[in-house]
Amino acid sequence: MTSAPITPNTSVTDRLVAANEAYAKTFTDPGMDARPVQKVAVVACMDARLDLHAALGLDLGDCHTIRNAGGVVTDDVIRSLTISQRALGTRSVVLIHHTNCGLESLTEDFRHELEREVGQRPSWAVEAFTNAEQDVRQSMQRVRTSPFLVEANDVRGFVFDVHTGLLHEVDPAPAA
Ligand SMILES: [Zn+2]
């Protein structure tokens, strides 16, 4: 099936499907294995301004990318990291939060308001934070203390500056 011509009323998803058709025309199967070449898993915020592959010099096939709101290490991120390490051979973990994160403007009130509105309490925490560095530190700690990982100590955390494009590494030791 060929997609309909793009018009001002075309939905964003239709645009993506059309873009994919163009992509596939020049795509050649690199014949890669599913195991990431650089043996690294990157956990990052879903923020639209963060182009992980470009920012870290990563190529197709290099890494696992695990993204969510905030780049927070939740139980589901631990699930992905565990599969990444135990089934697909990665060993290093890189955590990336960023400046001007949407989670800095939220609090756990988001959850309570949601409950009031829809009549059901979400099972998940918002994981809002006011200090990205401190939250990276907490996420590093969650990786280090996970019993499920093969390599829990090769973890480094960073805050990406959305204005300069630079990563700032977070010292894992709590600020004195
Ligand atoms: Zn963010």
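The exercises below work through the sheet, its helices and the core of one predicted model.

Residues are numbered from 1 along each chain as its sequence is written. Because the model is predicted, local features need pLDDT of at least 70 and side-chain atom pairs count only at pLDDT 80 or more, while totals for chains, interfaces and linings use all residues.

**Exercise 1.** Determine the order of the strands in the sheet and state which strands stand at its edges.

*Solution.* Begin with the elements themselves, which are DSSP runs numbered from the N terminus, helices being H or I of at least four residues and strands E of at least two. Two strands count as paired if DSSP finds at least two bridges between them. On this basis five strands form an open sheet, ordered S2-S1-S3-S4-S5, with mixed pairing. Strand S2 (63–68) and strand S5 (167–170) each have a single partner strand, so one side of each is left without a neighbour in the sheet.

**Exercise 2.** Describe how strand S4 is paired on its two sides and whether S4 is enclosed or open.

*Solution.* S4 and S5 form a hairpin with six residues between them, where Gly165 in the turn has a positive phi of about 80 degrees. For burial, a residue is buried if 20 or more other C-beta atoms, placed from the backbone, lie within 10 Å of its own, exposed if 12 or fewer, and partly exposed in between. Five of the six residues of S4 are buried, so S4 is largely enclosed by the rest of the structure.

**Exercise 3.** Contrast the setting of helix H5 with that of helix H4.

*Solution.* Helix H5 (residues 132–144) lies across S3, S4 and S5, at about 160 degrees to S4, where axes are lines fitted to C-alpha atoms, for helices over the stretch in contact, and angles run from 0 to 180 degrees between N-to-C directions. In helix H4 (residues 109–118), by contrast, the number buried among its 10 residues is zero, so H4 lies largely in the open. Just after H4, Gly119 has a positive phi of about 75 degrees.

**Exercise 4.** Identify the residues with the most contacts inside the largest nonpolar core.

*Solution.* Such a core is a set of buried Ala, Val, Leu, Ile, Met, Phe, Trp, Tyr and Cys residues joined through C-beta atoms within 7 Å. The largest has 28 residues, and Val43 and Leu95 have the most contacts inside it. Its largest share, five residues, comes from S1.

Key:
Two residues are in contact if their C-beta atoms, placed from the backbone, lie within 7 Å.
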